[in-house]
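Me: Got a model here that I'd like to go through. Can you take my questions one by one?

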Amino acid sequence: MENSRTNRRRGTDQIPAAGTDRPFAPVPPDPIPGGEAANQQSARQKTPARRSLPNLIQDLRAYQQELEDQNSALLFSRQAAEGASERFESLFSNVPLALMVVDEFGMVVQSNAMALNLFRPREQDPPLNFLLPLIGDEHKVRVENSFATAKASGVSEATEVVFSRGLEGRFTGDLHMRRIQYSQDELAHFICAVIDQGPLLTERRALQERRRALQESAAALQQRNEELRLSENRLAAIINSSLDAIICVDNDQRISIFNPAAATLFQCPSEQALGSSLDRFLPDAVPSIMATEASTQALLGELNGRTAGGKVLALEVSVSRELHPEGTITTVFARDLTARKQVEAHRNQLANQLRESQKMQAVGTMAGGIAHDFNNILGAILGNVSLAQQDCEPDAPALVSLLEIQKAGRRARDLVQQILTFSRNEAPKLDPIQLSEIVLEATRLLKVTLPHSVELQVDLHATVPPVLADATQVEQAVINLATNAIHAIGPNKGMVRIALNYPQLDALACERYGLPDGAYVTLSVSDTGMGIDPETMERIFEPFFTTKPVGQGTGLGLSVVHGVMRTHLGTVDVQSTPGQGSVFTLFFPAVTDTAVVPVSTAIESATLSDVEGGGKHVMYVDDDQALVFLVERALSRKGFKVSTFTDPHLAASALRKQPQAYDLLVTDYNMPGYCGVDLLREARAIRPDLPVALASGYVTTEIEKSAFAEGARALIHKPNDVEELCDTVQRLIKGEDLL
């Protein structure tokens, strides 16, 4: 009220203060003095005076009437203006919007009830006099700039301005302003509208939060879709790269997924397999799958599958089930067992070979021990037969029996040699030889006893390289194979063929025969006999296994062949068909860069010199009493003085007492609790120049090395003939080197 009374008036317009009853409207201007009546009077003055009084009265009346009309118009205009002012005041006061009239200095000239309720909700709140103090400090500059803009352009606004509500409250609203036009020399006035944006801001913030949540949800959904896509790609990559066949089927057992491994395994492209029934490839798996419907995972075990071409496969099958809204998806995993079965078969074969090797090694060790003792017995038998033959007259009837005993003894000696050949695990002394010479010598011996119904053919390759071999062992192996071939033909007509070749074996062939890569010479013995059945084939190399009647076979022939090839770093291959014959092929490593030393395989009879002992003293040590008795008699007949001992300790004691009384020491190698090398070492310590020879029926490379290292002059192989023994003793006493 006071503000409106103190407002200055400029010109003819007036802005009433807030709360006054005066109309907020311009006051009509006062009439110009004289107006139209003055103009008429001036006109009358210019009228000649000749006008009459009635005319003057009439003019005055007309002028009066005109003044009355103007007064009525002015009265109507004032009433209309007052009505408009009242209507404006009513509109200004009752509009549901906070309105204020503010001058350019920020003073509130007029405000309506909404503005008062918004800025002064309580009586104790300060009056609404100035607008800028009600604006927060962070928004004042922006509001002042908005007033300057409204002053210049007539309109402006400031959004989201923080206002003070009384003493304690605050609210956020939008400020809209428009300049009120007055005369140019007046202050600028603005009508300002304040819109409380609190509810709108709350809703806007809620919308923003909702939009943000939707954006986050969309981003999360997009990320999930991307993760799902990546997961599907990973799953597809796993399925496609799996080495096992993976097949997915629906409820009708129709194939929906057929990975590349399945296409390779079943030899069917994926596009041809999709949609087909599972029993097309796994006919045995369908009943098993139906039987395991209650479980999500099941191992069906080993089942037979079938390729698109009908080939049967050995497979390991398992299933997995997943429940989906559209139905159950069954995934079948199939693993090819062909390679595993081949590996297992190869492993079993190697295990069988290892068992056979260990069994033959054990039997060989046992046979070696038996042969040692048997040699002593044979030595006594053959030696005594020889002495008995010397004691008989040339025409004595006993010579026939002695000759038969000697033949049987020599056959037994050959049998023992086969046992020893089989049992020796050490490498023999190998020399470069031509196998063709061995084959020719063996055939010469075979033709002597060859039946007339059997034809013997020899096929020798012209350019066969030499091999590292022991001639005696190879000849024995050839004779054994040929003898078996002749027995396989029996009384029927047939043919035995001995062939020597130099094939070019590649790496696969070497691997098939179990040989290292390299060049090999093959010696094969084939026959047209009855062949070998599969059951017998598994046991042909077992020692003492034979299919011949009692008295016709020892069961050591093929065992000896196997032992010979093992020591020669080769192998023996057997191919046989029952009723069609057999082929035994020996593989020898070829020598391509070593000069061949010709080896004569002819058996030459040694010319034994006449033995005269001349009283030389020989000490003979052996744990076998029969052999000691034989040697004593044999050497004594040749003029030697013999001292025999069955206990090596007594022999050492006797030598220690009279070291110069003996000219030669012959000792057995293997004696109970004592070794001949120990006696050799002790004798060398007692008398270094005493010749010493070791006798053994089982001479190995280790025995040779240890004996010669200790100074032995010779190794005597038992059993031997009496004449050979006497000749060896005489040569050693004379100082000849027999090594």
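Me: Which residues of α17 meet α21?

Reply: Val-631, Ala-634 and Leu-635 in α17 meet Val-722, Leu-725, Cys-726 and Val-729 in α21. Contact means heavy atoms within 4.5 Å. By class, that contact has seven nonpolar, no polar and no charged residues. Ala, Val, Leu, Ile, Met, Phe, Trp, Tyr, Cys and Pro count as nonpolar, Asp, Glu, Lys and Arg as charged, and the others, Gly among them, as polar.

Me: Where do these numbers come from?

Reply: This is a predicted model, where local features need pLDDT of at least 70, side-chain atom pairs count only at pLDDT 80 or more, and totals for chains, interfaces and linings use all residues. Residues are numbered from 1 along each chain as its sequence is written, and side-chain values use heavy atoms, with hydrogens and water left out.

Me: At what angle do the axes of α17 and α21 cross?

Reply: Roughly 65 degrees, for α17 (residues 625-637) and α21 (residues 722-733), and the axes come within 10 Å. The two helices are therefore roughly perpendicular (65 to 115 degrees). Axes are lines fitted to C-alpha atoms over the stretch in contact, with angles from 0 to 180 degrees between N-to-C directions. Helices are DSSP runs of H or I, at least four residues; strands are E, at least two.

Me: New topic. What's the strand order in the open sheet of five?

Reply: β7-β6-β10-β9-β8, with antiparallel pairing. Pairing takes at least two DSSP bridges between two strands. The edge strands are β7 (255-258) and β8 (297-306).

Me: How many bridges join β8 to β9?

Reply: Nine, and β9 covers residues 312-324. Glu-302 has Glu-316 in β9 as its bridge partner.

How values were computed
Parallel < 35°, antiparallel > 145°, perpendicular 65-115°, else oblique.
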